[in-house]
Amino acid sequence: MSILAPFLALLLATLLVAYHRWSLAVFTALSATLLVAVALAGANMTATTVAAVLLAVVTLPLLVTPLRQAVITRSLLRIYTKMLPKLSDTEKTALDAGTVGFEGELFSGMPKWETLLAQPKPELTAEEQAFLDGPVEQACRMTNDWDVTHVRNDLPPELWEFLKKNKFFGMIIPKEYGGLGFSALAHHKVIQKLASVSATLSSTVGVPNSLGPAELLLHYGTQEQKDHYLPRLADGREVPCFALTGPSAGSDATSLPDFGIVCEGEWNGARVLGVKLTFDKRYITLAPVATVIGLAFRLHDPDKLLGDQSDRGITLALIPRDTPGLEIGRRHFPLNCAFQNGPVRGQEVFLPLSQLIGGEDYIGHGWRMLVECLSVGRAITLPSTSAGASKLAAVVTGAYARIRKQFGLSIGRFEGVEEALARIAGNAYACAALSQATAAAVDRGEKPAVPSAIAKYHATELAREVARDAMDIHGGKGVILGPMNYLGRGWQAAPISITVEGANIMTRTLMIFGQGAIRCHPWVLKEMQAAQNPDQAAGLREFDHSLFGHIGFAISNAVRSWVLGLVGARIGNVPGDAYTRRYYRKLNRYSANLALVADVSMLTLGGKLKFKEKISGRYADVLSQLYIASAMLKRYEDEGRPAAEQPLLAYAFHDAAHKIELALSGALRNFPIRPVGWLMWMLVFPWGRRAQLPSDRLGRRAAALLMSPSDARDRMASGVFLTPCENNPAGRINSYLPKVILAEPVERKFIKALKNSDIEALDFASQLAEGVAEGWITAEEKAQLEELRALTWDAISVDDFDPFDLQAASLHMDKPKSAQATRAA
C-alpha cells in the first residue's frame, strides 16, 4: 500500500469531520480508527507512525482543556486584545440593541432550514382583515393622488379626519390605550395597500406607527406619559413627529449638536427642575402638522443638579407644539411629493423632567432607545411601501403591455418589453417576500436590526428598479403627469425612500455587514465580550471556548465551501420538494462561502475591514441575497408550494444567486492581500463563477404571468388597491385585462378580413359596420370590438392642461380659478 495512505486517511477524516461539524473528540477517534485500518491493510509502518505522532501532537494539547488554556489560549488572548478594533459609541450601542433571528443561521455556513420552515405562517386576524377590507379600502377610494400632489399638496381635510376617526395613527397602540393593537403583519398590509394608491398617504400613516413617540412611549414611557399621550395619539387628537436629523448630524447621530441644560424654570405656573433645549432639526416628516414633537438631544448638567456627571448623554423628550420658544419651520418640498415634512427649531425651550421620555430613569439612554425602535420601524414602513408600489406596478404594467398594441401586436410580446416585464415580475416577487418576512420577524418578538437594514435597503432598491422598467414600458403614458398617470409620482418618490432612515449607501456599506459580521456570527461577539471581561479567569475560560469553537467553525466552512463548490452544491440533506431542494443546497454553499470569507477578512484585515467599504458592501450583498432568497422560499412553502408561482420564484432566485456570486467575485478579485484573495477564490470558486442570470426562456414564462389572469397573478395583486374607480386609473386598466383577452380572437379575425377586403372606409365605426354587413363579425362581436376600443383608449390616454393650470397659484392670486385638466389621446 502507498506510503501516502496514512496521510490520506487523516485528510479523509479531516474532510468528513469538518464537513459535518463533528467534534474534535470524534475527529481523533475517527482518525485513529482509520490509521489502524490502513496499518492492518499493509500501509508503510514508518509513515503510519509519523501520521499517528502528528495526530497526537495536534489533538492532545487541544483535548486537555487546562493545558490548552495555559499554553495556547492565554497567549492568543493577549494578541487578540491588541488586535481588537476600537468601536465607537454608535457601534457599541447598535451591537447591544436588537436580536438575532434566522439571519444568524445564514451566517453559520450550515443553516438549519427546519428553523425557518417551523416559523408560523404569517396570517391576519379576522379583525385585521376586516380593517383592510373596510376602512383601508375606503381610505384608498377617498384618495385622488393628483389632487393630493398637484392641487392641494396635502391630503384633503375629510381624509385627515377619516384617518383619525378610524385610528389609522394608532395601529401599534394597544387597545387598553384606545388603539387598534394590530400585529406587525397587519401594519405591513395596511401600509402596503395605502402605498399602492399614494406615497403621501402611506407615509402619513406610516410615520406615527414606526419611529415616533408612540413606539418610544410603549417601550420606555412612564405610566403617566402612557396614560396621557397614548389615547390622544390613538384617536388623532395628537399628531406626532420625531426630530432626530439635523444639518450637521445625519448618519453620525451620536454627534448631535442639539443640547439641553439641566436647570430650573417655569412650567404651568410652577417652578420646577427641567431642561433648557437648543436645537435645529430638518427633514422631519409630519412636523408641519404635528402637535407633539419627539426630540433627540445631548443632555448636559454643568451644575450637577442630577448627580455627579456633567455629560449625561443622548436623551429623548416630548415637546407640545404650544411650548414657548418652539419654532415649526416652513415646509420642505421633497421631489414633488406632498407628505408633510419640514424643519423644527428651538432656542432655550424649557421642559420639565417629566417630559423626558421614560423620565429620569432613561436619561442618557436615548441612542439605545432609538436603535431598538428604528429596527422595528425600518422593518415595516419603507419595505411595505416598496412592496405596495412594486406589486401594483407589476400587475398593471402586465395588463398595459397586453392591452397596448404596436404593429398589430401587444407590446408585451416584443422581446425587449418581455425582458423588462420579467425583471419587474422577479423584483416585485422578491420585494413582497422580503417585506413580509421582516414584519413576521417583529411579530415573533424579534428586534431585527440586521434584517430591517436588509429590508430597507433592498426593498427600496427593488422598488426603484421596478419603477424604472415600468416607466420604460409605459413610455409617454408614464411620463405625462395628470389624473390618468399612476406611475410618475412613484418614480419621483423612489429616491426619497432610498435616502431616508439611513441612506442606502451607508446602510449597505456600514450597517448590514458591519453589524451582521459581529451580531450574526456564532463566535465573534462572544470572543469580544470574553476579551473585555474584567474577571480574567472567567474571561480566559470564555475566550478559550469561543476561540476554539471559532477555529473549528472556520475549518468547517473552508471545507464545506470547497466540497460544495466542487460538486456544484448537488449534495446535502435539505427540506423542500423536488423543485426547491436545489435552491436550499445552493444557499448552503453560499452560506459557507460567506462565513469563510468573513472570517478570513476579519482575521487578516482586523479593524481595517470596517474602512474597506467596497469589500464589506459586497459581503453585505451576499448576506442580503441569502436572506431574500430564504424569505422567498418561506413564502413559497407558506403558500402551499403553488406550481403556478414557480417561474416567479425561479426567476427571482436565479437573480439572487447571480448577485451572490458576482459580489463574492468582486470582493475576492479586489481583496487587499492578494495571496489571501487567491486562496479564498480556490475555496469558493473551484470551477470558477458559474451562476448566470435567469434565462430568456424563464423570463418569458415570468413575463407571461403578468399578462394573463392566473392564481399566481392574483397572489401578486393581493393586498394592493385595484378597485376600478374614477380616481384609480391603475385599477381600471387592470380590470380591463380579462375583457381584452376575450376580445383578441375577434379582433384578429376582423383585422385579417379587413386586410383582405377592398373596403375604403377609414374610420373605425364604419369599418365595423361594413364588417357586420359582410358577415365577418356578428352584431355581438361588433359591440365587443367597440368596447375593446373604448377600454384601450382609456388605457393609453394621457392628460393635457391649459398653460394657466401649470403656473404657480401665487402668480395669479387675483385671477379667476383655472380650468380643470382635460383628457386627450
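Okay, housekeeping. Since the model is predicted, local features need pLDDT of at least 70 and side-chain atom pairs count only at pLDDT 80 or more, while totals for chains, interfaces and linings use all residues. Residues are numbered from 1 along each chain as its sequence is written, and side-chain values use heavy atoms, with hydrogens and water left out.

Let's start with helix 25, residues 646–669, and helix 26, residues 674–684. Helices here are DSSP runs of H or I, at least four residues, numbered from the N terminus. The two pack at an angle of about 150 degrees, and their axes are 8 Å apart. For the axes, think lines fitted to C-alpha atoms over the stretch in contact, with angles running from 0 to 180 degrees between N-to-C directions. So helix 25 and helix 26 are roughly antiparallel, a label that goes to angles over 145 degrees.

Who meets whom? From helix 25 we have L664, S665, L668 and R669, and from helix 26 R674, G677, M680, W681 and V684. Contact means heavy atoms within 4.5 Å. By class, that contact divides into five nonpolar, two polar and two charged residues. Nonpolar covers Ala, Val, Leu, Ile, Met, Phe, Trp, Tyr, Cys and Pro; charged is Asp, Glu, Lys and Arg; the others, Gly among them, are polar.

Y619 is in contact with M680, and with F513, L594, V597, S601, A667 and F671, leaving aside neighbours within four places in sequence. In the largest nonpolar core, 135 residues, Y619 and M632 touch the most other members. A core here is a set of buried Ala, Val, Leu, Ile, Met, Phe, Trp, Tyr and Cys residues joined through side-chain atoms within 4.5 Å. Apart from it lies another core of 51 residues, including I319 and F721.

Next pair: helix 4 (residues 65–83) and helix 21 (residues 524–531), at about 100 degrees with axes 10 Å apart. That makes them roughly perpendicular, the label for 65 to 115 degrees. L77, Y80 and T81 of helix 4 meet V524, E527, M528 and A531 of helix 21.

L77 turns up again with L540, which also contacts Q69, T73 and R74, close sequence neighbours within four places aside. L540 lies in helix 22 and is buried at 8%. L540 and I319 are 221 residues apart along the chain, and their C-alpha atoms are separated by 49 Å.

Also in helix 22 (residues 536–566) is S556. Buried or exposed? Buried, at 2% relative accessibility.

Last one: P724, in the loop between helix 28 (711–717) and helix 29 (729–755). It counts as partly exposed, at 47%.

Key
Parallel < 35°, antiparallel > 145°, perpendicular 65-115°, else oblique. Buried < 20%, exposed > 50% of the residue type's maximum accessible area, 1.4 Å probe, protein only.
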